[in-house]
Amino acid sequence: MLPNPHEVTTCWEDIKNEVPFYTDAVVLMDDMFDTVGMASRLLYRMREQRMDVPLFFILGGYNPLMQKHNVDLLSCYAQELGIKSKNLRAYYNTASMKDKLAVLKEALPGKTVVFVTSRLFYEPLKAAVDAAGCPFTAKYHVAHETLEDALGWVNANAAGNGLALCFKIGRLYPQERLPEALRCYKNPSLWDRMRVKLSVLLHKRRIKIETSQMIRNYQRRMRRHGWAY
């Protein structure tokens, strides 16, 4: 049901050779932690083209499952993958899409902005940006993720045997867009919420291991290209 990332990714002037358009700012948000590697790859492709380094806006709210702030986690992973702290702009009180877009509208009028997003989040994000009448040019870098990719432990989507991902889908999409089997997760029961929280507590070590693997995998790819991080 989700769009093909090749068809909706608009940040590349030449998508085959990954030649990027000029970009003033790159946006990372919420618990899409694996998109940091995509943003870092975009940065290095810009350096190859001798482009100016963009600002990286990091937006989000407190993550009760991870018991940390999404902005802190994203900032940490970004610096591990070669994005300098001087180029980061962190905004903590931006849990809602309205708050996120308000920050970007004020900071980036007339600029070109790339939203780095998961495949699942792309359609709700684009709909919100289009509806808000943002005074910047929005482009998108959409992850090539499968259902198996989305059901990982890096952002705890796998918690409760995938219940966490079901809850996320229920929040992101209107009822009429959801398959019948997912409509009940629009308003999850207290028992299901408790199952997810307990699952995260029991899998803290696995979350840490998979997150470290994600960072190392991106670093390995960068070394193959001769990119310093």
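Predicted model: local features only at pLDDT ≥ 70, side-chain atom pairs only at ≥ 80, totals over all residues.
Residues are numbered from 1 along each chain as its sequence is written, and side-chain values use heavy atoms, with hydrogens and water left out.

Let's start with the sheet. Strand S8 (residues 112-117) runs parallel to S9, and six bridges join them. Strands here are DSSP runs of E with at least two residues, helices are runs of H or I with at least four, and both are numbered from the N terminus; two strands pair if DSSP finds at least two bridges between them. Five strands make up an open sheet with parallel pairing, in the order S7-S4-S3-S8-S9. Strand S7 (88-91) and strand S9 (137-142) each have a single partner strand, so one side of each is left without a neighbour in the sheet. On average, neighbouring strands are turned by 25° against each other, direction ignored.

Now for the helices. Helix H2 (residues 35-48) lies across strand S3 (25-29), strand S4 (55-59), S8 and S9, at about 140° to S8. Helix H3 (residues 70-80) lies across S3, S4 and S7, at about 165° to S7. Contact means heavy atoms within 4.5 Å; axes are lines fitted to C-alpha atoms, for helices over the stretch in contact, with angles from 0 to 180 degrees between N-to-C directions.

Finally, leucine 190 lies in helix H8 (residues 190-202). Leucine 190 is exposed, with a relative accessible area of 56% (exposed means over 50%, buried under 20%, partly exposed in between, with a 1.4 Å probe and protein chains only).
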